[in-house]
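Keep the structure open beside you as you read.

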Amino acid sequence: MTRTQVALVGIGKIALDQHVPAITASPDFELAATISRNGQVPGIQAFTDFATFLAERPDIPVVSLCLPPVPRFAYAEAALLAGRHVMLEKPPGATLAEVHELEALAKAKGLTLYATWHSRMAHAVAPAKAWLADKTVRQAHITWREDVRKWHPGQDWVFQPGGMGVFDPGINALSILTEILPKPVHLTKATLEFPENRQTPIAAQLTFSGNVTADFDWRQEGPQTWDIEAQTDKGTLALRMGGNVLEIDGKPAAGENTIMGEYPALYARMADLVHQKGSDVDLAPMVHVADALTLGERRITDAFDF
Ligand code: NAP
């Protein structure tokens, strides 16, 4: 079977950690070009300028954008205007309005736009959703605590306007929450901790309707914690390891303790969307982040440097 050619934009941490291995192993896609000012993938045609790529490789129909959220819109818009299907890393943009604009553009051009949420592809998310479907959630709590120095080494953009700070990983938890809850919730309160020398929060405590709370912190060294726990009318659910492992009433119930299935599943979904001429743009996780930044009480905390 012929594989569809894809170009990867923004050859940095996530492109090299996840996208390149996922595309290399994909039965659907073949990495045909990269566009990055500094990064390259050995053996793959490399461009440093997106307009040059669009002009010289009209035969590559799919573009996957791995840049940080702030520069991403201009690339996505140019790709769609040039007739390419587009895959967006999470969070799908710097603002909600710009993603709505991209969605309308993709629709008008008959192209696929896929706003990916890699954590929704974690092994135990679908089983957790199925288990919760006929239950009443009485209380739920998210603990998402990781080390920014490990996952975003030296990446100052995460602390610049639009970088979202601790919501960059926290939005992964929200992408799972909005996928698995049988009834939607909305944010009612937030406390945001901003390092005195930075523009985005390094920690956040959130309260939602329906007794749902979240604790996001980017200062956790040692073991990392990505857990969602829920008490229901018919037992207790715990999703651990970023949605990859499911426990019901304290006993293992489904999943596999690895994140390596997430990006292959994203590319399989992209292949389906292109085939069906469809798009998938769910902004529910980003709505919660925007609400937290709108409603949140701001506290100043210690300066942070990498
Ligand atoms: P990164 O390594 O800092 O950035 C990726 C690449 O984007 C950079 O190497 C850079 O390549 C290019 N870039 C950066 N700023 C740019 C700008 N202003 N204009 C044009 N290109 C620019 O970031 P990352 O960790 O890969 O994260 C990228 C996206 O993936 C984010 O949305 C993040 O949330 C998501 N993500 C990250 C992780 C993770 O563990 N880090 C996990 C899942 C998802 P050149 O300098 O070569 O142009």
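Domain 1 (4-115) and domain 2 (119-261 + 290-301) each give at least three residues to the shell around the ligand. Keep in mind that this model is predicted. In it, the ligand sits in the largest pocket, and 26 residues surround the ligand.

**Where the ligand sits**
- Two elements give two or more residues each to the shell around the ligand: helix H1 (13-24) and helix H3 (69-81).
- Of the elements, H3 gives the most, with four residues in the shell.

**Who surrounds the ligand**
- The closest residues to look for are Ser36, Arg37, Asn38, Lys90 and Asp168.
- Sorted by class, the shell holds twelve nonpolar residues, eight polar ones and six charged ones.

- Start with serine 36, where a polar side-chain atom lies 2.6 Å from an oxygen atom of the ligand.
- Next, go to lysine 90: here a polar backbone atom is 2.8 Å from an oxygen atom of the ligand.
- Then try tryptophan 151, which has a backbone N or O atom 3.1 Å from a nitrogen atom of the ligand.

**How much is covered**
- How much of the ligand's exposed area does the protein bury? Taken alone, the ligand exposes 880 Å², and the protein buries 83% of that.

How values were computed:
Residues are numbered from 1 along each chain as its sequence is written. This is a predicted model: local features need pLDDT of at least 70, side-chain atom pairs count only at pLDDT 80 or more; totals for chains, interfaces and linings use all residues. Side-chain values use heavy atoms; hydrogens and water are left out. A residue is near a molecule or strand if one of its heavy atoms lies within 4 Å of it. A polar contact is a pair of N or O atoms within 3.5 Å; within protein, one must be able to donate a hydrogen and the other to accept it, and residues adjacent in sequence count only if both atoms are side-chain atoms. Accessible areas come from the Shrake-Rupley method with a 1.4 Å probe; for residues, only the protein chains shown count as cover. On a 1 Å grid over the protein atoms alone, a cavity is a set of points where a 1.4 Å probe fits but cannot get out, and a pocket is an open set with protein on both sides within 12 Å along at least five of seven lines; lining residues have an atom within 4 Å of a point. A molecule sits in a cavity or pocket if more than half of its atoms lie within 2 Å of its grid points. Ala, Val, Leu, Ile, Met, Phe, Trp, Tyr, Cys and Pro count as nonpolar, Asp, Glu, Lys and Arg as charged, and the others, Gly among them, as polar. Domain bounds come from an automatic or database domain assignment.
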